[in-house]
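Please consult the sequence and the structure shown here.

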Amino acid sequence: MSAAVVPLKDNFRELIVEVARKLEPYFPDITARWREQLTREFALDARTLATLEQLTIASACIHFKHADFEGFFEMLNYFGTRLSKLQLDTRILRRALEIYENLMHPYVSSLFGDRETEALAALEMVSSFSFVIISGAYFDTRTLESSSLLKILDVELGDQPLESMLQQVLEILTSSFGANVGAILLHEPEADLLRVEAAVGLGEGLRGEFSMQMGKGFAGHVFSTGEPDMIIDANKDPRVIHPRLRETAKALWGMPLRHDGRPIGVMLIGFDKPYEWLPTEKELLRAIADRSALAIHRSRITHTLREREARIAELSAHLLRVQEEERNRISRELHDETGQGLMVIRLYLGMLRNSLPSKAAKAKVDETLDVVDRTVEGIRRIIGKLSPLVLQELGLFAALRKEALHLEQKHGVSCRVAISDEVGRLSAETETAIYRIVQEALHNIAKHAQAQNAAITMDRVDGKVKLAVEDDGVGIFPKTNYRGNSFGLAGIKERVGMLGGEVRVASPKGQGTRIDVTVPATEPDKPHPLLEELQSLHPSFRMGGGEGTTHAENKMSTH
Ligand SMILES: Nc1ncnc2c1ncn2[C@@H]1O[C@H](COP(=O)(O)OP(=O)(O)OP(=O)(O)O)[C@@H](O)[C@H]1O
Ligand SMILES: [Mg+2]
């Protein structure tokens with residue numbers, strides 16, 4: 001509270017000046033008795049008593065004698081702030097002022113005669129003023145404390161990297177304490193060092209570079225004792241080893257950062273004057289240190305979790321790639337080894353058939369040829385499912401139509417496919433991902449949805465491919481997708497994440513399920529070298545060919 005808001009009438013000012021001048025010779029006596037009575041009534045420590053004494057009329061006298069009321073207000077404010085930091089109860093303050101007033105009473109009576117009432121009224125006015133201004137100082141101190149604590153909480157609850165969080169905390173801390181230097185050091189268990197993570201007023205580039213061996217220096221001392229400590233003359237104290245700290249700070253306050261009862265670092269602030277901390281200052285610093293230690297712990301956990309998450313994402317992306325490669329390899333082997341082997345068997349069977357005289361034997365060979373053809377057809381289907389080369393061959397549109405047809409024929413769910421011409425060809429990676437996503441979504445519809453109808457729609461808008469797969473089934477029951485053994489939707493999310501896209505699964509009650517996927521529209525790759533090779537070897541190579549083809553020769557024969 002500023003002095004200007006407590007006006008003092010001029011005639012009162014004159015009277016106060018007069019009272020002060022007349023009482024001046026008696027103040028030492030009055031003060032001594034006041035001190036006695038106050039210590040009888042309250043167990044006050046010497047520091048609090050000395051501060052309270054600064055607030056009596058006797059101390060104000062020096063200002064009053066010169067009619068320096070501004071100086072008086074300033075003094076009240078300064079010592080009021082100090083008293084509040086000493087945590088003196090305001091009721092004791094009120095009582096201390098009252099005792100002083102009572103002790104002055106007989107002197108005023110004898111010195112002022114018939115103007116006694118007037119003089120007493122002036123003194124009472126000073127006393128009330130003092131109380132109001134000191135209470136204001138108490139309030140200001142508390143407000144400052146809580147606002148700096150709130151600011152620090154704000155920073156600590158934010159989502160920024162540990163280093164910048166600590167730097168901001170330190171800046172708020174030094175400015176609210178009026179400190180000119182500060183540092184936050186964290187313990188590095190591997191190297192057993194304290195490393196500066198944030199610094200204020202200690203020159204550029206100090207952060208991270210200056211580390212301290214355990215047990216050395218003031219910070220090392222605070223860390224190893226685990227107790228707050230204070231240095232009043234940093235220049236003379238051998239524990240202050242950093243030259244810049246010796247130069248810039250007179251007083252140093254150190255507070256350990258502790259988590260789970262163990263020290264994890266140290267918070268230091270320093271002043272250019274020999275300030276000693278007062279109880280509330282020490283408590284505030286401790287509260288800030290405790291909060292910060294929690295925030296550091298939280299930030300480290302978040303960091304570890306994010307790293308782990310990133311590693312898991314990398315790993316699953318790798319697994320998906322490996323899976324795709326493995327599928328390619330198996331389908332290639334099925335094609336090259338098994339397929340070719342069957343072709344040779346078929347060729348020899350044909351030759352054998354022609355050389356057989358008996359009809360019955362020929363019929364047996366025909367049956368065997370049928371079995372070979374069906375096996376070749378089966379293998380062709382497996383290759384089609386296994387290898388996304390079907391995409392290279394047929395294009396995404398045809399490959400998806402095939403999947404839709406399969407849903408209709410095998411599961412009785414009618415499935416509409418609407419793919420805009422705008423979509424065009426995309427990179428093999430994107431087409432494979434979309435194909436696999438639709439495969440899984442349709443698989444889920446067949447398995448869980450009990451739907452009548454489904455639809456696959458795809459379009460290209462502003463350089464993005466938008467895919468939606470929906471059904472009119474029962475919808476996803478809450479929590480069912482958190483079962484430990486369900487990986488389909490997670491796989492969809494993983495694939496979309498790998499492409500830098502977004503996925504949304506919506507299942508409003510009674511309205512079926514809809515999966516929306518948006519991925520960047522990629523440029524198509526050059527033709528797949530394997531495909532080129534296969535096509536050059538087998539010009540009529542058609543792995544996923546049109547429905548209803550029965551004869552394997554059409555698909556796999558090299559002749
Ligand atoms: N279209 C859908 N309609 C109704 N429920 C669905 C649909 N899609 C998914 N679900 C529900 O969401 C759950 C999770 O699906 P997800 O594909 O992740 O796993 P899953 O199909 O059970 O197993 P997995 O795909 O690993 O073989 C399913 O168990 C099912 O309960
Ligand atoms: Mg599934």
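Strand 8 and strand 9 (residues 464-471) run antiparallel and are joined by eight bridges. Within this pair, Met458 has Leu467 of strand 9 as its bridge partner. The model is predicted, so that local features need pLDDT of at least 70 and side-chain atom pairs count only at pLDDT 80 or more, whereas totals for chains, interfaces and linings use all residues. Residues are numbered from 1 along each chain as its sequence is written, while chains are lettered from A and ligands numbered from 1 in the order in which they are written.

Helices (H or I, at least four residues) and strands (E, at least two) are DSSP runs, numbered from the N terminus. Two strands pair if DSSP finds at least two bridges between them. Strands of a sheet pair through backbone hydrogen bonds, either parallel or antiparallel.

| Pair | Sense | Bridges | A bridge partner pair |
|---|---|---|---|
| Strand 7 (residues 414-419) and strand 8 (residues 453-461) | parallel | six | Arg416 and Ala455 |
| Strand 8 and strand 9 (residues 464-471) | antiparallel | eight | Met458 and Leu467 |

Both pairings belong to an open sheet of five strands, with the order 7-8-9-11-10 and mixed pairing. Strand 7 and strand 10 (502-506) are the edge strands, each pairing on one side only. On average, neighbouring strands of this sheet are turned by 10° against each other, direction ignored; axes are lines fitted to C-alpha atoms, for helices over the stretch in contact, and angles run from 0 to 180 degrees between N-to-C directions.

Helix 14 lies across strand 8, strand 9 and strand 11 (513-520), at about 10° to strand 9. Contact here requires C-beta atoms, placed from the backbone, within 7 Å. Helix 15 lies across strand 10 and strand 11 and runs at about 155° to strand 10. Helix 14 has 22 residues and spans 30 Å from its first C-alpha to its last, close to the expected 32 Å, a figure defined as 1.5 Å times one less than the number of residues. Gln450, with a positive phi near 50°, follows helix 14.

Around ligand 1 there are 18 residues, of which Asn444, Ala449, Ser486, Gly488 and Leu489 come nearest; a residue is near if its C-beta atom, placed from the backbone, lies within 6 Å. Helix 14 (428-449) and helix 15 (488-498) are the elements that give two or more residues to this shell. The largest share, five residues, comes from helix 14.

Conventions:
Two residues are in contact if their C-beta atoms, placed from the backbone, lie within 7 Å.
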